[in-house]
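Colleague: I'm new to this one. Could you walk me through how to read it?

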Amino acid sequence: MSKDLLLDVENLKVYFPVRRSISEFLAMKPRRFVRAVDGISFKIRIGESLCLVGESGSGKTTTGKAILGLVPISGGSVKYRPKEETVKVLREEGVEFVDGFVDIAKLRFKQMKPLRKEIQIVFQDPYGSLNPRYTIGRILEEPLIIHGIGETSEERIEMVARALENVKLIPPEDFMERYPHQLSGGQRQRVAIARAFITNPGLVIADEPVSMLDVSIRAEILELLNTLREKNNTSMIFITHDLAIARYACERIAIMYLGKIVEIGDVDMVIQNPIHPYTKALIEAIFEPDPSMRHKIKEIPIKGEIPSAVNIPAGCRFHPRCVELDQDRKTLESYCLMKEPSLEKPIIDAEPERAVACWKYIERR
Ligand SMILES: Nc1ncnc2c1ncn2[C@@H]1O[C@H](COP(=O)(O)OP(=O)(O)O)[C@@H](O)[C@H]1O
Ligand SMILES: [Mg+2]
């Protein structure tokens, strides 16, 4: 594995069992599953940012939770390369390493604890994610205490002050004394970002971090995330349902549909030259994006509704909604309706890192 690789997700699956009704149980109907994440693979290098984009229910949050060890992983691997000091702690816990990587899918809950310092999250809701009874100072000191960072209380308070300065909450002494309800939504999200970066993580997962904020402050929060990421050489997974935001948030982009990645590549290249019919539909749905992100969203030009993750269509899971299958039915039908396409280099011209899961654009076999 390459030296600068941080995270290597391979064929990750997260299935949730569906509760059976009593009649289903008595009829001995087999247990069914929500296939929230259904075999996805991607890599992230040190310092790199990747956006996960897709409609609601496509499995973005579940992917993030799996990497954080917050949901049981049903299959595949999530290999992560911790920093030196964390490697030591994990080895003491008896965790196995291969080439410097640990497989999060194989860790027990308790063994995840040292990794929580390294893999941090920023949630969508800046109101719900901060304890309302704690001052901002205490909220930011807590992760330092939990992970044993800083020798004395003075040292930690100094770190908290610097973290507040880094997210432009100035003067820090003033913000430290306040409670979350005394801050605006944007300021709260800055606190959540400060909390994520205070442990010097290798990876920050930001799950729709600007979706609940006023459009006028979205750009500055995105900029802040990217400034901190670059300054600390932190990698980021940025989750959003909004392609227009992805464009300003990340370097690479993965388009998700019903638990699968259907296209992945450089963000500008994918937006300028989308290949998968689903990506094309998402891009058409963005009407006049501009840097202030005051865009309007049109209806996504796809037939029908997103199917349920319990009853995933056979063959290519996008085929019931695909307009390109309709146009080319004769040549494509035997593939799209029967066989699942894998994420591969397209047969048409594209940059080297592009991959797409569509029978029209990958080699048919
Ligand atoms: N704990 C859970 N139990 C059962 N189903 C779940 C659970 N969490 C998520 N799901 C289902 O998994 C699918 C993916 O959800 P999610 O990852 O939240 O999507 P997204 O973040 O892209 O909107 C959805 O169909 C959702 O209903
Ligand atoms: Mg989500």
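Predicted model: local features only at pLDDT ≥ 70, side-chain atom pairs only at ≥ 80, totals over all residues.

Colleague: Which residues surround ligand 1?

Modeller: A residue is near a molecule if one of its heavy atoms lies within 4 Å of it. Here the surroundings of ligand 1 are Phe16, Val34, Ala36, Glu55, Ser56, Gly57, Ser58, Gly59, Lys60, Thr61, Thr62 and Ala309. By type, the shell holds four nonpolar, six polar and two charged residues. In that scheme Ala, Val, Leu, Ile, Met, Phe, Trp, Tyr, Cys and Pro are nonpolar, Asp, Glu, Lys and Arg are charged, and the others, Gly among them, are polar.

Colleague: Which helix gives the most to the shell around ligand 1?

Modeller: Helices (H or I, at least four residues) and strands (E, at least two) are DSSP runs, numbered from the N terminus. Helix 2 gives the most, with three residues. Strand 2 (33-45) and helix 2 (60-67) each supply at least two residues of the shell.

Colleague: What lies 2.8 Å from an oxygen atom of ligand 1?

Modeller: A polar side-chain atom of Lys60 does. In the side chain of Thr61, an N or O atom is also 2.8 Å from a ligand 1 oxygen, and for a polar side-chain atom of Thr62 the distance to a ligand oxygen is 2.5 Å. Of the 560 Å² of accessible area that ligand 1 has on its own, the protein covers 61%; such areas come from the Shrake-Rupley method with a 1.4 Å probe, and for residues only the protein chains shown count as cover.

Colleague: How many residues does helix 9 have, and how far does it reach?

Modeller: The expected span of a helix is 1.5 Å times one less than its number of residues. Helix 9 (residues 215-232) has 18 residues and reaches 27 Å from first C-alpha to last, close to the expected 26 Å. Just after helix 9 comes Asn233, with a positive phi of about 55°.

Colleague: Which residues of helix 9 are buried?

Modeller: Buried means under 20% relative accessible area, exposed over 50%, and partly exposed in between (1.4 Å probe, protein chains only). In helix 9 that picks out Arg218, Ile221, Leu222, Leu224, Leu225, Asn226, Leu228 and Arg229. Their cover includes strand 3 (49-53), helix 6 (153-166) and helix 10 (243-249).

Colleague: Why is helix 12 described as largely enclosed?

Modeller: Because six of its eight residues are buried. One of them is Thr279, which has a relative accessible area of 0%.

Colleague: What does Thr279 touch?

Modeller: Contact means heavy atoms within 4.5 Å. Leaving aside neighbours within four places in sequence, Thr279 is in contact with Ile255, Glu263, Val270 and Pro274. The side chains of Thr279 and Glu263 also make a polar contact of 2.8 Å. A polar contact is a pair of N or O atoms within 3.5 Å; within protein, one must be able to donate a hydrogen and the other to accept it, and residues adjacent in sequence count only if both atoms are side-chain atoms.

Colleague: Is Asp4 buried or partly exposed?

Modeller: Asp4 is partly exposed, at 38% relative accessible area.

Note on methods
Residues numbered from 1 in each chain as written. Chains lettered and ligands numbered in written order. Heavy atoms only, no water.
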